[in-house]
Amino acid sequence: MKPSIYTPLQVPYLLHSSYAQHVSYSEETTASLQDFVIALWTMQPIFKQPATVNHVILADGCIDLVVDYRSKTVVFSGMSKTLFHDKIEMPESFFGARMKPGAFAQLTGLPAAAAMDKMLPLSDVDSHFDTQAFFALPFAQAKIAFQQYIGQLIGNKKPNEFVTLFDRFCESVPATTAELYQALHLSPRQCQRLFQQHFALTPQMVLSILRFQRCLALLTTVAAAPSEIMDEVGYYDQPHFIKDFKRNIGLTPKEYLHTLNMSHIYKTSSF
């Protein structure tokens with residue numbers, strides 16, 4: 001059986017028309033980095049004219065390494081909760097690596113809190129990184145150098161049990177923290193301490209992110225009935241399902257499906 005791989009969605013181009021009109025966003029996976037990196041992503045301007053766009057960053061448990069090419073900064077950063085109002089002044093160019101939850105802590109030796117809900121300059125982590133030489137490269141070459149740097153950062157390391165934890169539970173999310181503690185053979189206190197160290201998230205926040213991202217993936221790719229999705233992700237009532245979904249993405253499931261031109265799937269739904 002093929003192992004599960006946690007593949008969270010980031011869909012800013014679906015959430016604001018100004019973003020879709022002004023920003024080209026793409027992701028790609030790289031086999032050589034896949035033990036620690038979910039995807040390499042790129043954001044580039046479609047037009048040269050100035051514009052302000054709203055970038056929504058969905059909660060996914062990840063800490064990314066982000067390159068702001070125009071401002072010449074490289075930072076680690078993650079969001080424990082969805083960031084709804086990240087204003088970007090275009091034309092601006094970014095690229096980065098969406099690292100697996102737990103990867104930052106293992107690869108840098110720092111607690112995840114150093115980069116969660118804040119921006120940690122790469123130079124504070126790796127004093128040998130030559131920022132000036134890196135940004136002297138053309139955009140395309142800088143992307144190649146960036147991928148090579150990530151490969152060097154990973155080296156011969158193998159992902160620990162925390163880097164693989166989201167993979168383990170992404171398709172079968174424990175219904176409660178008690179089930180999570182049991183599955184991990186940890187006491188509540190041990191689990192809370194270790195999750196803070198590796199994810200900068202509480203166990204309940206980890207389950208919430210896993211549940212939301214699973215729900216988002218199912219809504220996007222599977223023509224299933226609402227009750228089937230609710231059962232799949234561990235929701236016991238529709239109001240709770242709708243409330244949690246909207247808290248994470250700012251839309252109800254029905255509104256989200258309208259953005260995908262998929263509302264016909266739920267034409268009999270009360271969402």
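Reader: Before we start, what kind of model is it, and how are the residues numbered?
Author: It is a predicted model, in which local features need pLDDT of at least 70 and side-chain atom pairs count only at pLDDT 80 or more, while totals for chains, interfaces and linings use all residues. Residues are numbered from 1 along each chain as its sequence is written, and side-chain values use heavy atoms, with hydrogens and water left out.

Reader: Okay, which strands make up the open sheet, and in what order?
Author: Six strands form it, in the order E1-E2-E7-E4-E5-E8, with antiparallel pairing; strands here (E, at least two residues) and helices (H or I, at least four residues) are DSSP runs numbered from the N terminus, and two strands pair if DSSP finds at least two bridges between them. The edge strands are E1 (23-28) and E8 (119-121), each of which pairs on one side only.

Reader: And what does the twist average from one strand to the next?
Author: The twist averages 25° from one strand to the next, where axes are lines fitted to C-alpha atoms, for helices over the stretch in contact, and angles run from 0 to 180 degrees between N-to-C directions.

Reader: Which helix packs on the sheet?
Author: That is H6 (residues 139-154), which touches E2, E4 (63-68) and E7 (94-99), and whose direction makes about 20° with that of E7; contact means heavy atoms within 4.5 Å.

Reader: Is strand E5 largely enclosed or exposed?
Author: Strand E5 (residues 73-78) is largely enclosed by the rest of the structure, because five of its six residues are buried, and buried means under 20% relative accessible area, exposed over 50%, and partly exposed in between, with a 1.4 Å probe and protein chains only.

Reader: Switching to helices, how far does H12 reach?
Author: Helix H12 (residues 238-249) has 12 residues and reaches 17 Å from its first C-alpha to its last, close to the 16 Å expected, where the expected span is 1.5 Å times one less than the number of residues.

Reader: Which of its residues are buried, and where do they fall?
Author: In H12, Phe241, Asp244, Phe245, Asn248 and Ile249 are buried. Seen down the axis of H12, they fall within an arc of 110°, so they line one face of the helix; the arc is that of the directions from the helix axis to the C-beta atoms. The face turned away from that buried side carries the exposed residues Pro239 and Lys243.

Reader: What happens at the two ends of H12?
Author: At the start, a side-chain oxygen of Asp237 reaches to within 2.7 Å of the backbone nitrogen of His240, and H12 is followed by Gly250, whose phi is positive, near 85°.

Reader: Last one: what does the side chain of Gln213 reach?
Author: Gln213 lies in helix H10 (residues 203-221) and is buried, with a relative accessible area of 3%. A polar atom of its side chain lies 2.8 Å from the backbone nitrogen of Leu9, and one lies 3.1 Å from the backbone oxygen of Ala59.

Key: A polar contact is a pair of N or O atoms within 3.5 Å; within protein, one must be able to donate a hydrogen and the other to accept it, and residues adjacent in sequence count only if both atoms are side-chain atoms.
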